[in-house]
Amino acid sequence: MHAARYHSYGTADVLVVEDAPEPHAGPGSIRIGVRAASVNQIDVMLRAGNLAQVLPLDLPAVPGMDAAGVVDEVGPGVTDTQVGDVVFGLNGGISGTTAEFAVLTAWSAVPEQWTTAQAAAAGLAGATAATAVGTLGDLEGATVLIEGASGAVGSAAAAFARAAGAIVIGTGTRSNFPHLEAMGVVPTTYGRGLPERVAALAPSGVDAAVHAAPAPSDSLPDIVTIVGKADRVVTVLGAQEAARLGARSVVARHDSALLRAAAALGQAGLWTPRVDHEFPLAEVIEAHVTAESRSGKVIVRQP
């Protein structure tokens with residue numbers, strides 16, 4: 001099969017498109033013919049070797065943790081999908097989806113409202129957001145602050161919080177205010193003065209928060225101050241900083257139930273994953289360079 005791979009850690013230039021061994025579905029998993037795969041910040045960090053001490057890879061490695069495509073193999077024990085279904089999901093590890101075929105261990109049917117690219121962008125972001133918002137418990141009638149609400153994880157978190165009955169205040173750039181308002185989110189800007197801006201929008205206070213701002217971000221102390229209770233603040237990055245402040249840090253659970261919950265939001269029209277850039281597999285280097293520039297969500301599509 002054709003796949004993007006890197007044989008050593010480094011800049012995006014280490015990526016090559018070449019023939020690679022095909023993976024196959026094992027017990028409890030499925031294989032898809034990949035139509036599109038997401039480029040997440042963790043994919044960039046893994047390729048660069050920034051996480052090699054804690055998350056070492058067997059090289060050569062195929063980047064990517066999530067993808068969308070058509071099921072072409074069903075492993076033993078799988079009863080909720082069949083060959084020919086269109087799904088999105090996670091591969092159960094930290095690499096392997098930017099290829100012609102990929103094995104998924106968590107998946108969901110793709111909502112009819114989503115494009116293939118949007119479905120490819122939904123796996124890791126949706127599972128991370130569902131995990132973060134779920135950690136906060138009952139949110140009916142609560143006021144929730146989402147730091148980074150216009151990003152991939154933040155927009156999903158905002159949708160989950162809204163679906164749970166919360167009033168959501170979300171930070172973003174002014175250019176993203178229309179996007180946030182269309183989601184039913186009360187927008188405000190990032191940066192200095194955030195506690196004062198949020199206080200003006202929520203004079204009765206904020207009950208909980210999800211910190212999903214792109215790394216690096218130094219806003220977590222402000223978020224804890226705004227909420228007033230550190231254990232009601234969840235961050236999807238910065239575990240050490242979270243521990244220091246008493247906040248909670250979460251990572252995505254590779255769980256089909258979370259992906260089905262994300263798909264349900266899509267089916268109800270409450271969440272549409274954002275896609276800012278699409279590249280063909282042959283331009284995977286450019287895709288990673290664009291992802292590194294943090295100029296929006298990047299998708300690599302198959303021919």
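Thr 131 lies in helix H3, which spans residues 123-135; helices (H or I, at least four residues) and strands (E, at least two) are DSSP runs numbered from the N terminus. The model is predicted, so local features need pLDDT of at least 70 and side-chain atom pairs count only at pLDDT 80 or more, while totals for chains, interfaces and linings use all residues. Residues are numbered from 1 along each chain as its sequence is written, and side-chain values use heavy atoms, with hydrogens and water left out.

Apart from neighbours within four places in sequence, Thr 131 contacts Val 250, Val 251, Ala 252, Arg 253 and Leu 258, a contact being heavy atoms within 4.5 Å.

Six strands, in the order E10-E9-E8-E11-E12-E13, make up an open sheet with parallel pairing; two strands pair if DSSP finds at least two bridges between them. Strands E10 (186-188) and E13 (248-249) stand at the edges with a single partner strand each, so one side of each has no neighbour in the sheet. Helix H6 (residues 194-201) packs on the sheet and touches E8, E9 (167-171) and E10, its direction making about 155 degrees with that of E10. Axes are lines fitted to C-alpha atoms, for helices over the stretch in contact, and angles run from 0 to 180 degrees between N-to-C directions. Strands E11 and E12 (residues 233-235) pair over three bridges, and Val 210 has Val 234 in E12 as its bridge partner.

Val 210 also belongs to the largest nonpolar core, which has 50 residues; Phe 88, Leu 139, Ile 146 and Trp 271 are likewise among those with the most contacts inside it. Such a core is a set of buried Ala, Val, Leu, Ile, Met, Phe, Trp, Tyr and Cys residues joined through side-chain atoms within 4.5 Å. Elements giving two or more residues to this core include H3, strand E8 (143-147) and helix H4 (152-163).

Two aromatic pairs were found, rings of Phe, Tyr and Trp (its six-membered ring) being paired if their centres lie within 6.5 Å, with planes under 30 degrees apart stacked, over 60 edge-to-face and the rest tilted. Trp 114 and Trp 271 are edge-to-face, with ring centres 5.5 Å apart and planes at 85 degrees. These residues are 157 residues apart in the chain. Trp 114 is buried at 7% relative accessibility, as is Trp 271 at 1%. Ring pairs join both to Phe 88 in a cluster.

Definitions and conventions. Buried < 20%, exposed > 50% of the residue type's maximum accessible area, 1.4 Å probe, protein only.
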